[in-house]
Amino acid sequence: MNCSTVAEMFKVAAALQCDAGQKTCLEDLVRTGKTPQKVVQRAHIIVLASRGLSNNRIAKDMQTTRPTVLLWRARFEQFGCPGLLKDFQRPGRKPKLSDQQIQEVIELTLHQPPEGATHWSTRTLAKKTGLSHVAIQRIWKQHGLQPHRVETFKISTDKRFVEKLRDIVGLYLNPPERALVLSVDEK
């Protein structure tokens, strides 16, 4: 790397340009007692940047990092004051399993024992369905299924078993207000 490239990397950032309306908005964000602290910090960063302070100096004064200062300068340049109010949405969790996938796991668990075994394990059922063994564990836990604890494999003959199971489990997990759930055994 030559000296000019290094100098370009660490040149002092120009003062951030703010019009009167933006300055008023920033001052309001800083002064209002109900503004979340992360938004106040962002507004402070922009105020200091508009005064011409270097990014390193702003980071030091605000007890944050230079990349954070660069992020909020860029966000303010692109979106103005509204850009400081919310974080961008992050990827988050993978989508949940579909009802069809859950139903397939329940039906396989209850109605089709694996070849050469009395019951499914999470890993063998995961291989069969293409889901992870953790997903199988979650489904079994949500529906109270424990095929490994049953000595003989019991198969329900009811065609609407999964639908009824969801209704009953749903009542226990999220009962209506002032509800009373009674359970009666046929025997």
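Predicted model: local features only at pLDDT ≥ 70, side-chain atom pairs only at ≥ 80, totals over all residues.
The axes of the two helices come within 8 Å and cross at roughly 110°. Because angles of 65 to 115 degrees count as roughly perpendicular, helix 8 is described as roughly perpendicular to helix 9.

Helix 9 itself, which spans residues 133-142, has Ala-135, Ile-136, Ile-139 and Trp-140 as its buried residues. Viewed down the helix axis, these residues fall within an arc of 135°, so they line one face of helix 9. Just after helix 9 comes Gly-144, with a positive phi of about 65°.

Helix 7 also takes part in a contact with helix 10. Here Asp-99, Ile-102, Gln-103, Ile-106, Glu-107 and Leu-110 of helix 7 meet Phe-161, Val-162, Leu-165 and Arg-166 of helix 10. By class, these residues divide into six nonpolar, one polar and three charged. The axes of helix 7 and helix 10 (residues 161-173) come within 10 Å, with a crossing angle of roughly 110°. The two helices are therefore roughly perpendicular to each other.

A positive phi is also found at Gln-63, where the value is about 55° although this residue is not a glycine. Where does Gln-63 lie? Its place is the loop between helix 4 (55-62) and helix 5 (66-79). With a relative accessibility of 75%, Gln-63 counts as exposed.

Finally, the cysteines deserve a look. How many disulfides does the structure hold? The count is zero. For Cys-18, the closest cysteine sulfur belongs to Cys-81 and is 7.4 Å away, which is too far for a bond, because a disulfide needs two cysteine sulfur atoms within 2.5 Å. Cys-18 is buried, with a relative accessible area of 14%, and Cys-81 also counts as buried, at 6% relative accessibility.

Key
Residues numbered from 1 in each chain as written. Heavy atoms only, no water. Buried < 20%, exposed > 50% of the residue type's maximum accessible area, 1.4 Å probe, protein only. Helix = DSSP H or I, 4+ residues; strand = E, 2+ residues; numbered from the N terminus. Arc of directions from axis to C-beta. Axes fitted to C-alpha atoms, helices over the stretch in contact; angles between N-to-C directions. Parallel < 35°, antiparallel > 145°, perpendicular 65-115°, else oblique. Contact = heavy atoms within 4.5 Å. Nonpolar A, V, L, I, M, F, W, Y, C, P; charged D, E, K, R; others polar.
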